[in-house]
Amino acid sequence: MTDTTPATAKIRPPRSQWWDVWDQFKTHKGALVGLSIFVLILLAITIGPFLWDMAPTYVDLRARNKGFSAAHPLGTDQLGRDVLARMMAGGKVSISVGLTAMMLSIMLGTTIGVLAGYFRRLEGPLMRLTDLFLALPLLPLLLLMVTLFREPLSKSFGPERGIFLLIVFAIGATSWMQTARIVRGEVLGLKEREFVLAARSIGTPARRMILRHVLPNVLSPIMVSATLGIASAIITESALSFLGLGFPPDFPTWGRLLYDAVDQMQLYPWRVILPGVAISLTVLSVNYIGDGLRDALDPRIRGR
Amino acid sequence: MFDAVQKPLVEVAGLKMYFPITAGVFRRQVGNVKAVDNVSFTIFEGETLGLVGESGCGKSTCGRAILRLYEPTAGAVRIDGTDVIAASSDTLRQMRPKMQMVFQDPQASLNPRMTVAAIIGEPLDEHTKLSKAEKLAKIYALMDQVGLNRDFANRYPHEFSGGQRQRIGIARALALNPKFIVCDEPIAALDVSIQAQVVNLLEELQDSLGLTYLFISHDLSMVRHIADRVAVMYLGQIVELAPRDAIYAEPLHPYTQALLSAVPEPDPEAEKSRRRIVLTGDVPSPANPPKGCNFCTRCPKAMAICHETEPQFREILPGRFVSCHLYEQTAGEAAAPGARSEHTEKTIQQGE
C-alpha cells in the first residue's frame, strides 16, 4: 500500500470535499449540459436586455402580430410588443420567482421534516400541521392571500417588489408539505442507524447531530424535491398570473406570455411555443443539475 | 487474575431496561419487553468482562444502557465514581470521553458521507479545542495506533473492508483516551481471519493504554481468549458470572453448561467424547417471561421451586455468582457435584 508515492501521499492533508464533488459532477454529462443551458438562460435574462434594449412594454400598434424579422427577431404580439424583449424580462421574473419560492419551500419543508423526524415530541404537532396544509384547498387559499395582502405589501415595498414577495411567499408556504413528509420519513430511518448512536456515545449535541449526520444523508430526496419545486413554482406563478392575481397584466412573465398567446394559438403558434420551451428548458436543465449534484454529493457513487 | 487489589471502574446495580408495548387506537401501554431485567455486576479497572448469551437475550441493550444510549427504566451505573444514569445532560456530556463504544456493524456505525479523518476527528471536535494541525496529527497518531495507513484519511467508509472499517471505529473510540470501552460484538460481522486481527488489536491496546472492556459476544471461544471474567445472560438476566477459567472448566448454571457444551472442540479426539446438552423449546418472549426462574421452561434440571420463585443472583463460591435454585441451599455443599452426575444422565450425545 505504501509502495506508490510513499512520501508525498502520506503528508497530503484532507482536502475539501467540494473538490471531489466538482470532480464527480464533471463526469455527469447530463448535468454539464444542464448547467451550461441554465447558465445560458441566466446570461440571456441578465445581460440580454442590455444588448437588446427595446422596452418589453412598448406598444407599437402598427407592428401587431409580426413574424420573425430583423426588427423583431422573435416577432411581436397582439399589441405590437417585442417578443424577444418580453421573453427576457419575463424570464427574469419567472426564474427569480421559481428559485426563491423553491428555496423557501425547501427550507420550510426540510426544517419541519427534520424537526418532526428527530424530536419525538414535535412529531405530532408538526405532522398534523403538514396534514392540515395538505388538506387545504390551495387555489382558494392563494387567492385569499393575494387579495388580502396585495394592497398593504404594494404600499410598503412598491408594487413590483410587493407582489414579488407576496407570490414567492404564497407559493413557498403552500408547497413545502411534500418535502416535509419525505424528509421526516428519511430522518426517522436515519435516526436508528448505528452511526447516529455512535455520535450520541461521543456526546454530540442534537444541533450538530442534525447538521453533521442527518442533513447530509437526507440530501438526495431534498435535492429531488428542490428541482421539482422550481418547475412547479414557475407553473403556479403562471397560473396565478392567468387568474389575474399575479403580477400586473402588462408585467411580463413566462407564464403570462404563455396564457396571453393561448387565445391565438392556431394563428401564431410560436408565441405559445417560445415561452413553453423556455419554461421546459429551465426546468429540465435544473433537474439535470440536481441529478448530477445528488450523485456528486454521494461518496458511494463518487469515483464510479 | 485476582492477584492485585482491584479497583472497580464500572458498577452496575439493578439495571432494568424495559421497552413499552403499546396497542390500540390510543397507544395504551399494554406491557413491557424486559430486555434487561435487574442486572448487576462490577467491572474492575484494566480487566475484560465478557458478556455472552444467545441472540436477543439483551446483551447489546445492556451495553447501550450502561453508556446511557438508552434511558434505562431503573438502576444505577457508576462509572469511575459517577452515576451515569442519574447524571444531567451536561455532566453526561463531560463524562462521554471516559466511556466509548465499538459497534457491531462497522458499515452501519460509520457515517457514509464523512471521510475517515472526519469520523475519527469527530470526538476531538466535540471535546477538545485542538488547532487544525494538532487535530490532524492526533488523527494520524490514532490511525497508526490501530494499524491504518495514513493515506486513507481522505477516503470514505465504503472504500474499506470490514476489518479496516472496524479499525476506524476503534480509532474513533480511542480518540478521547477513554477508560472504559463497550465492545458490542465488534467481531461478529467479520471474517474469522480478520476477527483474530481485531481481537489482537483490542488486546494490544488494552495492554498499552490500560483500557477496561465490556466485551459483548456470542462467540464463546473468542470470549475465552480475551475475557478475564465472563457473565452469561439469558432472557435479560445474568445467570452466571465467574472468572474465565472457572466458568469454562466447571460451569455451574444449567444454561451455561448447555451453552458451553455447544462449543466445537478443535481436537478430533476430544470432539468425539464431547457431550452436547441440547436444549428443547424456544426462548420465551421477554415481554412475557415465565414465572419463577427465567430458564425453567427449558432447563433440563428444573425442579418444582423453579416454576414458583425467582432465584437470587448470589455469590456461592468466591468470585462466582450464580442465579439458580440448585445452589440455593448453601455454598460449597454437595449440591454441585450431585447436579453434575445428574446432568450427565440427561445429556444427549451429539449425532444421535
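Trainee: What makes strand E1 (residues 8–23) and strand E4 (residues 74–79) of chain B a pair, and in which sense do they run?

Mentor: Five bridges join E1(B) to E4(B), which run antiparallel; two strands pair if DSSP finds at least two bridges between them, so E1(B) and E4(B) qualify. Among the facing residues, B:Lys16 stands opposite B:Ala74, B:Ala13 opposite B:Ala76, and B:Val12 opposite B:Val77. Please keep in mind that this is a predicted model, in which local features need pLDDT of at least 70 and side-chain atom pairs count only at pLDDT 80 or more, while totals for chains, interfaces and linings use all residues. Residues are numbered from 1 along each chain as its sequence is written, and chains are lettered from A and ligands numbered from 1 in the order in which they are written.

Trainee: How do you know that E1(B) and E2(B) pair, and how many bridges do they share?

Mentor: DSSP finds twelve bridges between E1(B) and E2(B), in the antiparallel sense, and B:Val12 has B:Phe41 as its bridge partner in E2(B). The hairpin of these two strands has four residues between them, and B:Gly24 there takes a positive phi near 80°.

Trainee: What makes E4(B) and E5(B) a pair, and how many bridges do they have?

Mentor: They have two bridges in the antiparallel sense, and in one bridge B:Ile79 has B:Thr82 of E5(B) as its partner. They also form a hairpin with two residues between the strands, where B:Asp80 in the turn has a positive phi of about 55°.

Trainee: Why are strand E2 (28–44) and strand E5 (82–83) of chain B described as standing at the edges?

Mentor: The strand order of this open sheet of four is E2-E1-E4-E5 in chain B, with antiparallel pairing. E2(B) and E5(B) each have a single partner strand, so one side of each is left without a neighbour in the sheet.

Trainee: Which residues of helix H9 (residues 254–261) of chain B are buried, and what covers them?

Mentor: The buried ones are B:Pro254, B:Tyr255, B:Thr256, B:Ala258 and B:Leu259. Their cover includes helix H7 (220–226), strand E9 (229–234), strand E10 (237–243) and helix H8 (244–249) of chain B.

Trainee: How do you know that chain B touches chain A, and how many residues take part?

Mentor: Two residues are in contact if their C-beta atoms, placed from the backbone, lie within 7 Å, and 28 residues of chain B are in contact with 23 residues of chain A. On the chain B side, strand E6 (99–102) and helix H3 (116–127) each supply at least two residues, and the largest share, five residues, comes from H3(B). The predictor gives the complex an ipTM of 0.78 and a pTM of 0.79.

Trainee: Where in chain B is confidence lowest?

Mentor: The scale is pLDDT, the predictor's confidence in each residue, from 0 to 100, and chain B has a mean of 84, with 92% of its residues at 70 or more. Confidence is lowest in strand E14 (residues 348–349), at a mean of 42, and highest in strand E3 (residues 48–52), at 93. Over residues 331–352 of chain B the pLDDT is below 50, although this stretch has 24 contacts beyond near neighbours in sequence. Where pLDDT is low, the predicted coordinates should not be read in detail.

Note on methods. A residue is buried if 20 or more other C-beta atoms lie within 10 Å of its own, exposed if 12 or fewer, and partly exposed in between; C-beta atoms are placed from the backbone.
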